[in-house]
Amino acid sequence: MKKFRKVLDGLTTSSPGATVGSPSCGSAAGTPTAAPTPKEIDVQETLVSENFQLCKTVRHGFPYQPTALAFDPVQKILAIGSRSGGVRILGRPGVDCYCQHESGAAVLQLQFLINEGALVSACADDTLHLWNLRQRRPAILHSLKFNRERITFCHLPFQSKWLYVGTERGNTHIVNIESFVLSGYVIMWNKAIELSTKTHPGPVVHLSDSPKDEGKLLIGFESGTIVQWDLRGKKADFRIYYDEAIHSVSWHHEGKQFMCSHSDGSLTLWNLRNTTKPFQVTFPHGKIQRDARKESCKPILKVEYKTCRNSEPFVIFSGGLSYDKAGRRPALTIMHGKAITVLEMDYPIVEFMVLCETPYNNEVQEPYAVVVLLEKDLIVVDLTQSNYPVFENPYPMDIHESPVTCTAYFADCPPDIIPILYSIGAKHKKTGYSQKEWPISGGTWTLGSHTYPEIIITGHADGSIKFWDASAITLQMLYKMKTSKVFEKPKPGEGRAAELVEEDPFAIQMVSWCPQSRMFCVVGISAHIILYRFSKYDANTQIVSLEVRLQCDSDDVISPSENENNPSFSEPGSHSPQPHHQHQHPASPGSRTPEGIKDSIPCLKVKDRAVRVPPGYQSELVIQLLWVDGEPPQQITSLDINSAYGLLAFGNCNGLAVVDYLQKTVILCMSTLDLYGSTDPYQRLTRSPRRNRQSTSGLTELTDNQQSIDMERNKSPTSGHASRRAMLQQLHGVTMYSHDEHHSTTSYCWSDRESRENSFTRSRSSSVSSIDRDTKEAVTTLQFGESYGRKNDVLPTPCLWVGTSLGVVLLIPMSIPTDQEERMEEPVTMGVSGAVLMLKGSVLRFSFLDCMGALIQPPYEVWRDHNAPEDPDRPRRRKLVHFSPSSSQDACGDGHLAVVCSERQAKVFLMPSQSCLFVHNITESSFVLRADVVSVCNSVCLACFCANGHVMTLSLPSLRPLMDVNYLPLTDMRIARTFYFTNGGQALYLSSPTEVQRITYSQEMCDNLQEMLGELFTPIETPEAQNRGFLKGFFGGNAHTFDREELFGEAAAGKASRSLAQHIPGQGGVEGMKVAASGVVGELARARIALDERGQRLGELEERTALMMTSAEAFSKHAHELMLKCKDKKWYQF
């Protein structure tokens, strides 16, 4: 009894969170008593909780739902605000920073403090924020919350510390940028307009200081009223009342005239000499009709009026097109002299900004480019060339070119793969870009010392695949391929694909990539798999197609007694599906049975002619599941490929199929029930046939009680119970089709799905392991590897590990010929009577460790180019790399550890004894969506992402909890579908439909993150203002003598009402920066800031010292004069 207790003590001490001896460790899984003593498994675990910390690293892609744009013309950095409160700051490639307002309120406007390293943001919750950009992770220094008025427009003059804020009530307030408090100086709307005016002028839509005189403020009201306010005299110089609503105003640099854009599509030019009527009115796109009337035009939302030294001024505006042409795309119009150029855009224009050579508004502007922010793109137009070409965008802004449907992340790739992919992808780059350098070139970024090759793969709704270089926290597209080129184009409205997924029949569900062998496999939504080989040569190839019948009758009543006598599939050896080329199939693509029911046809038609394929990934094999008795094939839920074995395995909710892609044959195709044989651990209950068939399509939810999707979605989160299986089936792309010929099939597209995915609830079905409601058992994960298929095996053999949605693990041993010639001729045999292990919940991941705790990689074939010219002296032979479990285990004997993770728990088994060494229940209230065994700090751990937003890591093999962070407050299906862990303590997910968020859970990487990030602010001398000359200075007003401090300071204007706005100190002050900045770079930044502050103080001290010296000299002089005067006087003469 003491000995048994010691064993238990050893297990519990090595796994504090484990539930040793729990019922889940049943006879099939092994019990702790059968486990070896700790002496037999002596793994020195090096990972501790201090090795882990979760933080965001960088965000890639286009800002989702952008709302605002700003540019610093001296620092040359760009800021983009979004509807969710995000701010992206971009500089030269590598300088890419993401900030987030805690409130999540939409960003209305952004204003740089030019060349000051700061940014002001105005949000929809009527709060102003001041961001400090002099640190690699910007932080808020101050916030100012308006309580009684809504912010509509902000303006910050160059080199001014006073921000003008216009409100919805028509008032203009003034904020001190340094202290972030309101000045007592307010321009009330009723003072700005004439007393005789009976109507309210509307919200403030424009504020700007006159280039001629900074003491004059131009205020534009929405109704069409424009007022120039004399800040010194506190009165209006002039008022303009126009009958069309104003959208924007732009000054001529001399300050004598300005241009307005209006809601009727017109531009008005006003001269300050005569403000009673506009100097010029134009309708740039309004043609004169036959009845001499102007055709109605859309509003011109913004206009910029920019002057040039050697040519006519530029007038650039958005909108203003005529209403008569339906379907016309949004446009940016460039008027240069008499030439009018209309640049049509792919998406609506959110904002644009003209980039000029000078930051001063009273100098000739010399525009050189225009930045156009679209709803889903960012483009920069070169204004220095007459054809206005666009610059090539160095940022990865086209991730969402087609909606992202799946992701994969590979860290520490072979170093040669990135240059090869880049060289092939570079041949297909677009041309016609501007030859000039990208104008947004601010900030500094250097390649950090902690870099290694990383690749991100994205699959898209149109069937395209993109490979991205993700090294050193940057992102650059390497190579793009289109899987749809394998298939014939489906005709609109007809064909088999139209009935299944009309919008996106080629959408990618999952990818599998082996960087060493360069084999690449994709799974599509139309139940198809495409296998690709990599080649540096182009080739003419005939696409080989295999069609697999993997379907069971859902109306069959399945019971234990019927399983043996009437299996839903034939014996694997008797009627194994045979491969055939697409064009040799006896049934025509549109064939139907006499009753009109589709049978034995795939969803898509593979090209049956020889095609020329360019260098890169070339299709080797296409596998398609077939329709059976009018039922479309179930979508594929799991996939694994092994280049050393030459095998590809996939499964769905009906069963499992294994394909020999070297011989192009199907070697196994059977239902999940048949895989058990006589070892089925479940008592299958009878199931009544489904009576009410409902038409669904695409990646839809499946509830436990077969309720409709709409009914499930309409439930409240508190009362509804989302099915675990529904979640996982939607995550992996499973669809339970139940088609009725009387119901029309609804079309499906990814954009519709995006709105559905945001309403994901975390509630769970109470019947977690019950299978009485749905007897179908999906194959949820697969893994090839060297293992022990049976308990009495002495040597490891090739095996296929199969995990199901009911928590069952099946081992299928295989016999693969070793000789190369035999491998191409002799069949691969598989025995389906292997071991059976049990876990709680659907199985998600397998991984294998040796008895020293090191990760065992799957065997692979070294890449060789199949299209390379033959060398008669060196015949091609397959070069295989094996990682046998027994190769490095002289000290601890044969065997290996198998790590199995399900949606509820993780287990570690010792093979071949199949004894369960460690168990850890990961979650009771939620379920795991993604699990991976990854390498961190020269060791391995199990990383899990749960549906409740928790990210956690467990040690291996003892399954000790190392980290558990409630990272995401709410998970939606997009994140669940795209979350991916990789080595080096990194992970990614799709944070929005257009952005990829990368995170790290490694303390080491968090420590080195400051070094890896780009520097936003670089010390640059502010360009000097041009010499205005004597006459211009004399007659041009006294702009340079204007002192805002005298007008707006507390001494002159008093304090603003406390109830009007509330000052909120930010976390980005000196104290906040001490916490936020870390490492050597943070120390340097703090030292530099301290040095600047010290220099400023020394400068002030020097000024005070000079004043004291002058005062002392004057005192000395007076004292000397007094001494001379009184020198010869007697005491009584005073």
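This is a predicted model: local features need pLDDT of at least 70, side-chain atom pairs count only at pLDDT 80 or more; totals for chains, interfaces and linings use all residues.

Student: Which residues point which way from β42?

Tutor: Gly655, Ala657 and Val659 point one way. Leu656, Val658 and Asp660 point the other way. Both sets are buried.

Student: Which way does strand β41 run relative to β42, parallel or antiparallel?

Tutor: Look at the bridges. β41, residues 647-651, runs antiparallel to β42, with 5 bridges joining them. Gly651 stands opposite Leu656 in β42. A hairpin of 3 residues links β41 to β42.

Student: How many bridges pair β42 with β43?

Tutor: There are 6, and the pairing is antiparallel. Strand β43 spans residues 665-671. Val659 stands opposite Val666 in β43. This is a hairpin too, with 4 residues between the strands. In its turn, Lys664 has a positive phi of about 60 degrees.

Student: Now the arginine. Why does Arg823 count as buried?

Tutor: Compare its area with the cut-off. Arg823 is buried because its relative accessible area is 2%, and the limit is under 20%. Arg823 sits in helix α10, residues 820-825.

Student: Which residues does Arg823 touch?

Tutor: Leave out residues up to four places away in sequence. Then the contacts of Arg823 include Asp660, Tyr645, Leu647, Gln663 and Arg878. Asp660 is one of the buried residues of β42.

Conventions. Residues are numbered from 1 along each chain as its sequence is written. Side-chain values use heavy atoms; hydrogens and water are left out. Helices (H or I, at least four residues) and strands (E, at least two) are DSSP runs, numbered from the N terminus. Buried means under 20% relative accessible area, exposed over 50%, partly exposed in between (1.4 Å probe, protein chains only). Contact means heavy atoms within 4.5 Å. Two strands pair if DSSP finds at least two bridges between them.
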